[in-house]
Amino acid sequence: MKWVKKIVWICLLLSILTLPVWADGPARIERTTVNGMPILLQRTNSEVVEVTMLLKSGSGLDGKKKGTAELMNMLVYLKLLSAPESLGSVNVLTRPDYTEIRIQASAENLKNVLVELESLLTTPLYSYDVIMDLKQFLIADIKGMPAFNKTYYETNRSFYGPDHPYNDYLEPEVVESITGHDVYRWYRQTYQPGNAILSIAGGVKESMDQIAKIFSNMLYESVDQRLLIQPVIPNQTRLIEREDYNGRIASICMGFGAPRIQDPEYPAFRIIAYYLEDYQYYFEKLRIEEGLMYTGMVYYSYLERPQAPNIVFLTMTDPDDLFLVEAKTLDIIEELKEKGIEQSMIAQIAEAIEKEGKSRIQAVIGASRRNVMSYYLQNQLVYDENLWPKLKQVTTADIQKAAAKYLNHYVRVAYVPREKPDNF
């Protein structure tokens, strides 16, 4: 009956799409477009307003000047922090597919936030001195990166390939070669109304017309820099080992392929990822049953890399246990292929994911990002309430098939201390 409701809503309000939200009852999402920029507005009873601007291009477009997007977005972050009126909590994230600006502010401060975002899209932003300082800061940050982080970035580079947009490994020599022209060119190609989506959620007092008026004088240029990425699945296992001159512990990252959101195996793999990470199954096997000195995380980047994600096991351990940790990880992978996950456990995981999703929605925080990411990815599975029924339909056989398809070959990067540390 959903299609009947949609027809009724379209007939009543052409620009409004109603979606279910668990925050003091149903809250509609109003939509409009101003100078090529879609605006989404969701009113709730929260005193906090979360504003997200998503730009449909990211560091994957840097090409041979990787780091250009990061430098420009660092400058944007500083600009927002130094606004005449304090905007609230500010975060600027640089992803291969997109740039995301997220601001949490009081409802009374919303207009100031929107005026600053409008300025980003209309007023040229550049400072040679600041960019040069930021460049040196970024180079120092890269050189000082802990081995634990390096394993992750180097795994991605080896997993996707050095020229792939999802290789987000920054090299000091490449960053040093970036010029002011490179940074400004990237800014002009990216910070355009036609390349942006704006989402607002919370106790908003302004009408949609008042919000739209703030952006009405922007110059519209048709831009769509979104990346068309093909999925990547390793066709052979690659083992890479580096010497860590300053470390005392071994850092290891193992990267496997994973389905995209639009792939049919996605719901089953979402169960697998939750099983490995949130249910601590992987860690329990290594830390408790095996008695290993070990810490780490399992990470599935289905939102950050929606077109070609990978799942990684990122760990630290005693150098003597490095190969044992790898072997035990592979044992758990093989168990997923052979036995899957028990149906009763799948039901528990599906219920846990649903409860967490409803809790996030009730808390409002993140609602704006949720809306804007869904709009950008153009896939309803980003909305948890559309995914939950699919999770409940996952079977043990589905888990086995998904694991067998994606968890085969892998890329392993290890940073090992130059000298064996003394025993504790």
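What follows is a walk through some helix packing, salt bridges and surface features of this structure.

The model is a predicted one, so local features need pLDDT of at least 70 and side-chain atom pairs count only at pLDDT 80 or more, while totals for chains, interfaces and linings use all residues. Residues are numbered from 1 along each chain as its sequence is written, and side-chain values use heavy atoms, with hydrogens and water left out.

Helices (H or I, at least four residues) and strands (E, at least two) are DSSP runs, numbered from the N terminus. Axes are lines fitted to C-alpha atoms, for helices over the stretch in contact, and angles run from 0 to 180 degrees between N-to-C directions. Helix 9 and helix 15 (residues 396-406) have axes that come within 9 Å and cross at roughly 85 degrees. That angle makes helix 9 roughly perpendicular to helix 15 (angles under 35 degrees count as roughly parallel, over 145 as roughly antiparallel, 65 to 115 as roughly perpendicular and the rest as oblique). On the helix 9 side, A268, F269, I271 and I272 make the contact, and helix 15 supplies D398, I399, A402, A403 and Y406 (contact means heavy atoms within 4.5 Å).

Helix 9 also packs against helix 14 (residues 384-392), at an angle of about 90 degrees and with the axes 9 Å apart. Once again the arrangement is roughly perpendicular, this time between helix 9 and helix 14. Here Y266, P267, R270 and I271 of helix 9 meet D384, L387, K390 and L391 of helix 14.

With a relative accessible area of 11%, R270 is buried (buried means under 20% relative accessible area, exposed over 50%, partly exposed in between, with a 1.4 Å probe and protein chains only). Setting aside neighbours within four places in sequence, R270 touches Y302, I353, D384, L387 and L391.

Next come the charged pairs. Side chains of opposite charge can pair when their charged atoms come close. The structure holds 21 salt bridges, each being a side-chain nitrogen of Lys or Arg within 4 Å of a carboxyl oxygen of Asp or Glu. One of them joins the side chains of E30 and R43, at 3.0 Å from N to O. This pair links distant parts of the chain, with E30 in strand 2 and R43 in strand 3, 13 residues apart. E30 counts as buried at 10% relative accessibility, whereas R43 is partly exposed at 29%.

A salt bridge also forms between E108 and K205, whose closest N and O atoms are 3.5 Å apart. E108 lies in the loop between strand 6 (99-106) and helix 3 (110-122), and K205 in the loop between strand 7 (196-202) and helix 8 (208-214), so the pair ties together parts that are 97 residues apart in sequence. E108 is exposed, with a relative accessible area of 62%, and K205 counts as exposed at 58% relative accessibility.

Then there is the pair of R412 and E326, whose side chains meet in a salt bridge of 3.0 Å, N to O. Since R412 belongs to strand 12 (residues 411-417) and E326 to helix 11 (residues 322-339), the pair ties together parts that are 86 residues apart in sequence. R412 counts as buried at 3% relative accessibility, and E326 counts as buried at 6%. Elsewhere, salt bridges that share partners join E154, R157, E171 and R242 into one network.

The C-alpha atoms of E243 and P417 are separated by 6.0 Å, although the two are 174 residues apart along the chain. Beyond its neighbours within four places in sequence, E243 is in contact with Y415, V416 and R418.

N35 is found in the loop between strand 2 (29-34) and strand 3 (37-43). Phi of N35 is near 50 degrees, a positive value in a residue other than glycine, and N35 is partly exposed, with a relative accessible area of 23%. As for Y77, this residue lies in helix 2 (residues 68-81) and is partly exposed, with a relative accessible area of 32%.
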